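Subject: Structure handover

Hello,

My notes on it follow below.

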Amino acid sequence: MRYSQSFFPTLRDDPADAEVISHKLLLRAGYIRRVTSGVYDFLPLGLRVMRRIEAVVREEMNAAGAQELLMPMVQPAELWQTSGRWEKYGPELLRFTDRHEHTSCLGPTHEEVICDLVARELRSYKQLPMNLYQIQAKFRDEIRPRFGLLRGREFIMKDAYSFHADEADLAREYQSMFAAYQRIFSRFGLTFRAVEADTGSIGGNDSHEFHVLADSGEDLIAHCGGCDYAANVEKAVSGRDAASGLAGELADVATPGASSIEDVTAFLKVDAALLVKTLVYRITGGEMDGQVLAACVRGDDQLQEVKLLHALDADSIEMADEAGIVSIGGVAGFVGPQNLACKVFVDESLRGGTGLVAGGNKRDVHVCGLDMARDVAAATFADLRETRAGDSCPKCGGTMALSRGIEVGQVFALGKRYTEPMKVRFHSQEGKEETATMGCYGIGVSRLMAAIVEQCNDENGIAWPLDMAPFHVALIGMGKGEEVEQACAGLYKDLQAAGFDVLWDERNERPGVKFKDAELLGLPLQLVVGDRGLKEGVVELGARGGARESVPLTEAVARLVGLAESIRGAAH
Ligand code: ATP
Ligand code: MG
């Protein structure tokens, strides 16, 4: 590509509304542009990188025996009604009605469509197993689209779906996909971790997420320093010493104006571990639909809402408003679990707790001497607390640590969650009609582009791993004259013949501008052809961010091939 003929609109300054480095750099370097909230154009540079990511994903998926197909973005409501997700999915599912009064949605994922397809074509166990995948745009009307490509509304996903005659074969495929994902994320040169995951709105039994470790990540991952246990905090379990105060009578204490954990611990001079934090939620879906309930964790813990959601088997929960709190006999800021007119879910760590402090369900009052067994008889105990750094590992007793991660992929052993309602059936070897079992496997292709930039950047711009860069080589002509032009034209051809994608910067710009742009765009190799060097028969080459060396013009291509090989070698 010749730079002067390209559409690479770079920006001099960081865009004001971009908070994370990948968003800033992908905008500044002309890879993406925002169309509307959470929706982006991929400019030629962005599309080139996307194609590179897709190529790696395709290669590994094909090698693992999956077949590519392409499904539509528009999905009829009936399919989602059959699976039971039309009601469950919530406002992230964008629904619309066409001129014939048919209701449809934009696909946020494709379990329904693939099951519908496979149900119609599957006859015999002989057709199983099968693994079908696509790389395609998804739409999720995210409540808070942000961080550029990291959380979009329209984004590109690789989604694969496998079908099996029995659970053992699903387990085999799950392992095979897990291994393929390990290979894929290693090939991008990423520091990542596979963690046990919650199955979320997709449902199913077993699941792992793959996280790129980065401070900008929206997920928190708990991992053990002593063994391989690692899990998303939405799911992680961990141990911690029990806390109990001195047993005694339940008594009111005045705590004027003190409602936060910090205020109460300071005012009553008690340890936060002895406080009961009581949160009030309104529930949607499940058996407790529409009800208000209280959930308690220790004052030094955070409640993990995903765990509560599962304990309730509900579709969603939200903090109750003042009216909700009053309806169960509580007072905002002073709620305690005793004598409430609702179900009370309590974290396991409070089981058997005595001498605790809780809200008094009266304004400016707390109670002390609370005994869980005696005073909160109707409590349902469950694991509700979020793992903290320093907790003990449930597997080996080692010490847990927390890291931030960007979820770039997830694998699910779904079982029959979709195949049952969507009637994906086959005739077994014994001639019986059976329901197939299923797995699904996603990779956030466009999110990956941003995740790579989060890990690969410096103060001058993006530092793409060699095989992810939109062009491998920046060929930079310096100085005027026919010789420079001719030497560049020759190198441009020879480099391409040697397998490089080359960006030839033949613009009439100062060398400083050309170097700056090559670094901002993140091109890994530079080849500089100057009029002075040419008089001696030499050019300069090097890796982005490193020193350049002078080499004879005639050896330039071979030397770059060698440099690329050594970079690839070091990456593996
Ligand atoms: P998240 O928890 O980040 O919302 P998810 O668990 O809902 O993601 P999955 O249903 O597992 O997402 O989708 C598969 C993959 O698609 C994710 O691992 C992620 O890489 C990508 N992905 C999901 N939502 C988005 C989004 N809003 N923008 C970009 N990529 C996304
Ligand atoms: Mg996920």
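A residue counts as buried here when its relative accessible area is under 20%. By that cut-off, 52% of the 572 residues of the protein chain are buried. Please keep in mind that this is a predicted model.

Overall chain

The protein chain contains 15 helices and 31 strands. Its C-alpha trace spans about 95 × 70 × 55 Å along the principal axes. The accessible surface of the chain is about 25,300 Å², and carbon and sulfur atoms make up 49% of that area. Taking the contacts in the chain with a separation of 6 or more, 69% are between residues 24 or more positions apart.

Ligand 1

Ligand 1 is surrounded by 15 residues, and the closest are Arg140, Glu142, Arg151, Gly152 and Glu407. By class, this shell is made up of six nonpolar, four polar and five charged residues.

- Arginine 447 places a polar side-chain atom 3.0 Å from an oxygen atom of ligand 1.
- Glycine 444 has a polar backbone atom 3.3 Å from an oxygen atom of ligand 1.
- Glycine 409 has a backbone N or O atom 3.4 Å from an oxygen atom of ligand 1.

Ligand 1 would expose 580 Å² if taken alone, and the protein buries 86% of that. Two elements, β8 (154–164) and β21 (400–415), each give two or more residues to the shell. The one that gives the most is β21, with four residues.

Magnesium ion

Which protein atoms are donors of the magnesium ion (ligand 2)? They are OE of Glu407 and OE1 of Gln410, at 1.9 to 2.2 Å from the ion. Glu407 is also among the residues closest to ligand 1. Glutamine 410 has a relative accessibility of 10%, so this residue counts as buried.

Regards

How values were computed:
Residues are numbered from 1 along each chain as its sequence is written. Chains are lettered from A and ligands numbered from 1 in the order in which they are written. This is a predicted model: local features need pLDDT of at least 70, side-chain atom pairs count only at pLDDT 80 or more; totals for chains, interfaces and linings use all residues. Side-chain values use heavy atoms; hydrogens and water are left out. A residue is near a molecule or strand if one of its heavy atoms lies within 4 Å of it. A polar contact is a pair of N or O atoms within 3.5 Å; within protein, one must be able to donate a hydrogen and the other to accept it, and residues adjacent in sequence count only if both atoms are side-chain atoms. Accessible areas come from the Shrake-Rupley method with a 1.4 Å probe; for residues, only the protein chains shown count as cover. Ala, Val, Leu, Ile, Met, Phe, Trp, Tyr, Cys and Pro count as nonpolar, Asp, Glu, Lys and Arg as charged, and the others, Gly among them, as polar. Donors are N, O and S atoms within 2.8 Å of the metal (3.2 Å for Na, K and Ca); water is not among the atoms, so sites may look incomplete. Buried means under 20% relative accessible area, exposed over 50%, partly exposed in between (1.4 Å probe, protein chains only). Contact means heavy atoms within 4.5 Å.
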